Each structure stands twice: as C-alpha cells, then as structure tokens.
Amino acid sequence: MVPPLRFVVVGRLDAGRIAAWLAPTWHVTAGRAAPLVQRYLDTFDWALWRSGGRLVLELEGDQTRMRWQPGGAKPARTVPLAQEVRFAADLPGGVLRREVAAAAGLRALLPVGEMRVRRKLLRVVDGEGKTLVRLWLEAVHPLLRGGPAGPERTRVRVEPLVGYARAATGVVARLQGRAELTPDERDDLADAAAVGGRAPGDYSSRVSVKLVPDQPAEVAVRRILTHLFATLRANVEGTVLDLDSEFLHDLRVATRRTRTCLGQLRGVLPAAKVASFVEEFRWLAGLTTPCRDLDVFLLELQDRRRALPASAAAALEPLLAHLRKTRAAAHGELAEALQPARFRGLLERWGKLLTRPARGGKEGALPIVRVARARVLRAYRRLVRRGLALGPEPQVQAMHQLRIDGKKLRYLLEFFASLWEAEETTVFVGQLKLVQDALGAYHDAWLQHERLVALGDEILAAGTGASTLLAMGRLIADLERRRAREAESFFCLFADFSARPVRARLMRLVEYAGVA
Amino acid sequence: MRVIAVWTIKGGVGKTAAAVNLAYLSATEGLRTLLWDLDPQGAASFYFRVRAKVKGGGGKLLRRSADLRPLVRGTDVENLDLLPADFSYRRLDLELDARKDPEERLALKLAPLADEYDAVFLDCAPSVSLVSESVLRAADVLLVPVIPTTLSLRGLEQVRAFAAKAGRQSLVVLPFFSMVDRRKTMHRDAVELYGADAQFLRTAIPMASVVERMGVRRAPVVAYAPSSEAARGFCGLWAELNARLAGGG
Ligand SMILES: Nc1ncnc2c1ncn2[C@@H]1O[C@H](COP(=O)(O)OP(=O)(O)OP(=O)(O)O)[C@@H](O)[C@H]1O
Ligand SMILES: [Mg+2]
C-alpha cells in the first residue's frame, strides 16, 4: 500500500512538535510562514485531470510561477512566469510545456478553482544539511471570487525528493498513528472547484448515456436528447467568449448529434411536436459553419507554417492575418446570433419539450434495443450502398454525402453503446472512424483548396507581395495531391469496411439476446 | 534535451564552479536540469550536499541495461537533479575500455532521460581519456573554461583539436575566460588578444573569493551571493550561451 502523504491536523500542531517526533534520526529546519494563492487550471473537458496531472498557477509575493505535477510518481515541474498563459503554447519551452501541451492539446487552460494557502516549510535534513524530505505545515482555504469560502483546513503534507524514498517512508511512519494527525483523503482540485459549482470530470464531449435494453424507445431517446442538450448548453458561453476553438466544435457536434437523433429515430417522438425543431436545429448548424470552417483552415495553416523554413513561413503571414480578420468577423456574427430571441427561444422550448412527459410517436413504446438495431442496420446499409455506387473518379458532393451518412451511423452507435458489448462496439466504431477520417481529410483538402483559389484576388487586392501568392500556389498544389491521396486511402479502407467480416461484426453487435 | 559538457585538459580552472552555477540557473529558469558529476573527486556532489555513493561503482552503471534513474538524487533546488560521483569513478576509464563502443556509452546512458530533462550538465575530471571522449560524443555543447595565461591558451588549442576529432560533427565548442584577475597584465592582454576569437564567449568570470566560499556555503554563488560580480558573470555566461545556441549573439 502507498503510505499516505497528507495528514489532516486535528487540534493544534507546531513545527517543534513535528521535529520532536522525527528526532534524533532526522533534524528539522523550519522556514518562515508564507501566504500564497494557488489557482488550479484545466481545460474545459478536464484533459489535465484525466491525464492524472495537476496544473497550478502559484502567486506568492511578487512571484508568479506555474507548477505542473504530472501523473505517476514524477517530481513536480515549476517554471517562473513573466507573461499571461492561456494556452500550453504560451508556457516557456521545456519538459513542463511539452507535457502540458500533450494533455491539453488545443484547449485553453482555464481557472477551475482557487485556494489560499498559508504554509511553512519544514526541511528534514541529514548530517550534511541536505534536504531529504520536505514537510509542509499548511492551512488551505478555497476561495470564491477572491474571498474565502468554506472552512479552512490545516494539514501536514509530505513531499518526497527524488532518490530519497527511504527517508520519506521513514518520516511517514513517524507521523502515522499520531493522535494529532489523520490521513487526508481530500482532493484540493475538487475542493477548489466545488465552491464554483464544478467537479473534476463534470464535462466531456463524449456521449455517455446509460440505457436499458427493454425500456420504451421514447424514454431512451428522450434521455439521449437531454444529454445532448446539456452538452450543447455547456458550450454556449465558451463559444460566445471565444475561449478556445473547441467550444464551438463541441457545440456543433452536439447540434449535429441532436439532428441525427431526430432524423434517424423518426417515429419515436411525436412527429408533430418535433417537426419545428428539425428546422431550427438545421438553422443553428448553418449558423455555426462559417466560423468553424475558418477555425479548421487556420489551425491547418498554422500547423503547416510550423513545418516550413522561416522565409516560407513569413510569406504565409499576410494570408494568416487576412484569415484571422475574416475569422474574427465570422465569430462576431456568430456570437451576436447566439444572443437574441431565436436561439434563446429554441433552447427554452426544446428544454421544455424534453422535460415534459408526452405521448410518444408510433414507435415510442417499442423496446429501445429493437429500434436501435433496426436504425443502425439501416444506416449501415445506406452507407455501404452509396459507397459502392461511387465511380472511380469520385465526385466531391457524393463523397461529402457519404461522410454525412457515416457520421449518422457513428452517432447512432454512440447513442446506443450501452446496449451492446463494449469491446465489439469499440472495434466496429474504430473501423468506421478510419473511413470517416479519410473522408474528412478529403473534404477539408477540397474545401481549403477552393478557399485558397477564391482568396487569390482578395490577397492581391490587399497589396501583398508575390511571395505570398507563390506560397499559396504551393499550398494549392499540396492540397490537390493530398485530396488524391485521401481518395485512394478511402477506397482501400472502404473496401474493407463494406466486406463481409465487418458486416458480420455489426450483425453480432446489434443482436442483443437479453430481450424477449 | 541539451547536453552541455564542461571540460578542459587543465585542472583547477573553474569547470565545476561553472557547471554548478549554470545548472542552478538553468533549473531556476524552469528547465528540468540534471547535473552529472563525472569526477571521482565529487566536488559538484559536495556543493549540493549529496552524499556520493554509487552502489557497485561506476562500472555497474555503465552496463548497457543499467538504468541511471535509480541513482538520481533531487537537490534542494527545484527542477535540479544530480547524479552523484563517488571514488569508484576513478576506474571509469578502465571500465569503459572493457566495453563495446566505449565512446558511445555516455550518450547511450543519457538517451532514456531525454523526455525527463531539458538540460544535462556534465562536470568532468581534467584529463584526456576514454571518459572525456565519451563525454564529447554525448555533448551538444562543450564549455571550456580558460585562465588567461599562455599555458591555458595552449591547452585550449589541444582541447579544440581533441573535440574536432572525438566530438560529434554538430558539437559547439564555447571557450570562456575563467578566474580572470584584471590586476594582472598578462590576464588583461590575453583577454584583449582573444577578443577577436569569434568562438569565445564575451562574458568572463572574475577571480573572486566569493566563489571560493562555495566550499563553505555548499551552494552555488548565484544562490548565496546573487549580486556579486562573479554571480553576475555566471548569469551573463548563461544568457550568452543561450543566445549563441538560439542562433543569435
Ligand atoms: N572565479 C573564481 N574565483 C576564485 N576562485 C575560484 C573561481 N572559480 C573557481 N575557484 C576556486 O578554484 C578551485 C578550483 O575550482 P573548480 O573546482 O571549479 O575547478 P575545476 O576546473 O573543476 O577543478 P578540477 O580540475 O579539480 O575539477 C576551487 O577551490 C574553487 O573554489
Ligand atoms: Mg572539477
């Protein structure tokens, strides 16, 4: 068992007392008490927490530093900060940035909670004066809008040093079992987040709905839609404030999933009630498209620029600047459209419909597992039929349609994942995803190609030099090659996907034995 | 991960002083830093109060399968770890000689640490040996402290020749003046003379008793006397080193 490294102090305890416990084996030197504020940061979807790490911005006196405690038994990494950090890329280069970036990806590092800490360092030293273990005697207090919230807690925290595990174990043994100390099982991140009404892992863009095979389809579908509605709403604020590109992305996915649910599971909910929403959600999806397309384009170009030599990268700068401007305008329009009556009204009416019990549609009373099976198979057959009908020279529109068909199938599988064998579902979704990725890359290459061609005149009119146009020409040629490559890989993958073994896997998957 | 070796043929010229202070600066800047004390005298380990004891001696650590990590000790400085030396390191040369590809051995041992550290400093004993050859092979940068005397400057030429032969193609050799006594005419002349040598770092570390006190304080000068001239020298050296490696300066 791992020995506890934190103890809650019951009653009073001072450094002298602790020193007495550790004597004569170890000597303790105590520092001065110092106050600091620890601000916990994570992505909106808790990517750092999920990786097992903790990222803390520490404000102590006039110093600001970032502390990253990776998962596992690795020592903390700290780095002094001179500038504000919004994304992992804003951090000073090094191991810390690399590890945080690997976990956070494109997402912004947002404050999730704050603690005020008053602490005193007790160094446990050997005969040479070398620190073997750090002990922190500290009082922690969650903060809400800068003011203390909830009770203050006092504790002793043991911080082992690399290579001195034996000393740490020995020190913990001396602390364990003292009347003044009990093992501390609380999580600072959770405590700090709780005062703001949040909890680690309280948001994920993944669909996770627990369904029961023989529950009425209408009840199940309502649960799915309610889950999607919560995801959609959770992303509105971040989209409007433009905290990072993934809020809009998740909002779009939640919208698309909602549309798929309404379209593919027609007959389960009362048709008359949902008809108007089909149109409204289509409107919402269309509203968010221009900004998202530009996001994707910009991310792609920024990626490419990183791979280029400095001079070529500089040539792309006017193009990027132009796109950033266009993107800012698109976001402004989107943010405005998400405020007024039509959008708010949609949310309100939709929320009401989902909570108010109503008679289902004609298939509303059937067991969900049966409805799910039929709709998934239908979506699969349609996808295969349309895919096989493609000529050797694929049409952009047909490929795009196929991609949409694929998404519908994927979403259905995600909705109903809890009804089926998890392992089999994962494998099938993995196979579908390969096809989807090729289709997505194909479509993006086409879209960006078209956009670059169209931008030529604008860039020229803006009076930029020939080097930018030449760089764009190179990009256009690259994108053409890429599109051809992706089409090829699509045909390969699709051949596998439409063949008997995969079809058999899907059949096995949706045959659920547990229903009468 | 960048590997910075501090080495020259001559002894007692400020190699360890530079390695210890620069490693400290690197760590406080937020870079995950490892200082590998390769000198059997263990001076760098002593400065950080780390008891030098390598179980089984230096030979065992050179085995292909042996992992360095269990030997790493966290210093009292955040982000700074140390691989201590002990007296058994005096036989490192013979141990290396008994192995295949002895020159590649150090690089091989460091490779698994690449994810864990941004900077590795190698503090070496002053001699031309298989160990120094292996050090040069592992290093991206070779820092050469030079006392501004004719003899030291001749030593530098030998180091350059050896580095060209034994080091990697990409090895950056950066000499700097160490223990400079401005009162001595010979020192002033030498510094002036080498002002034209583009390889030399501009920053010189002055001769100062505050540096000698490292043995009593058992800490880097930049930690206990940050505003001393010597400490500012190490800071300047570190800044210049980074600028050089970034392509500027
Ligand atoms: N700038 C300086 N001013 C004054 N004394 C110094 C300075 N730098 C180093 N010293 C002192 O000179 C002695 C040798 O320095 P140091 O150990 O850094 O050199 P070295 O090249 O590593 O020696 P060795 O070859 O024995 O490893 C030490 O006692 C050290 O305190
Ligand atoms: Mg030395």
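Contact here means heavy atoms within 4.5 Å. The model shown in these views is predicted.

**View 1. The contact between chain A and chain B.** On the chain A side, 25 residues take part, and chain B contributes 24 residues. The size of an interface is often given as the accessible area lost when the parts come together. For this pair of chains, about 1800 Å² is buried between them, with 37% of it on carbon and sulfur atoms. Three residues of chain B, namely Arg49(B), Asp76(B) and Glu78(B), supply 28% of the area that chain B buries against chain A, more than any other three residues.

**View 2. Charged and polar pairs between chain B and chain A.** The two chains are linked by 7 salt bridges. One of the residues named in the previous view, Glu78(B), forms a salt bridge with Arg67(A), and the closest N and O atoms of this pair are 2.5 Å apart. Residue pairs in polar contact between chain B and chain A number 14, counting pairs with both residues at pLDDT 80 or more. Sorted by class, the side of chain B that touches chain A consists of 12 charged, 7 nonpolar and 5 polar residues.

**View 3. The shell around ligand 1.** There are 16 residues around ligand 1, and those that come nearest are Gly12(B), Lys15(B), Thr16(B), Ala17(B) and Ala208(B). Two helices of chain B, α1 (15-28) and α9 (209-212), each supply at least two residues of this shell. The largest share, 3 residues, comes from α1(B). By class, the shell holds 9 nonpolar, 4 polar and 3 charged residues.

View 4. A backbone N or O atom of Ala17(B) lies 2.8 Å from an oxygen atom of the ligand. The side chain of Asp39(B) places an N or O atom 3.4 Å from an oxygen atom of ligand 1. A nitrogen atom of ligand 1 is 2.9 Å from a backbone N or O atom of Ala208(B). On its own, ligand 1 has 620 Å² of accessible area, of which the protein covers 79%.

**View 5. The cis peptide bond at Pro24(A).** Ala23(A) and Pro24(A) are joined by a cis peptide bond, with omega at about 0°. Pro24(A) sits in the loop of chain A between α1 (15-22) and β2 (27-30).

**View 6. The backbone at Trp46(A).** Although Trp46(A) is not a glycine, this residue has a positive phi of about 60°. The loop that holds Trp46(A) runs between β3 (34-42) and α2 (47-50) of chain A.

Notes:
Residues numbered from 1 in each chain as written. Chains lettered and ligands numbered in written order. Predicted model: local features only at pLDDT ≥ 70, side-chain atom pairs only at ≥ 80, totals over all residues. Heavy atoms only, no water. Buried area = accessible area lost by both parts, 1.4 Å probe. Salt bridge = Lys/Arg side-chain N within 4 Å of Asp/Glu carboxyl O. Polar contact = N/O pair within 3.5 Å; in protein donor to acceptor, adjacent residues only side chain to side chain. Nonpolar A, V, L, I, M, F, W, Y, C, P; charged D, E, K, R; others polar. Near = heavy atom within 4 Å. Areas by Shrake-Rupley, 256 points an atom, 1.4 Å probe, with all protein chains shown as cover. Helix = DSSP H or I, 4+ residues; strand = E, 2+ residues; numbered from the N terminus.
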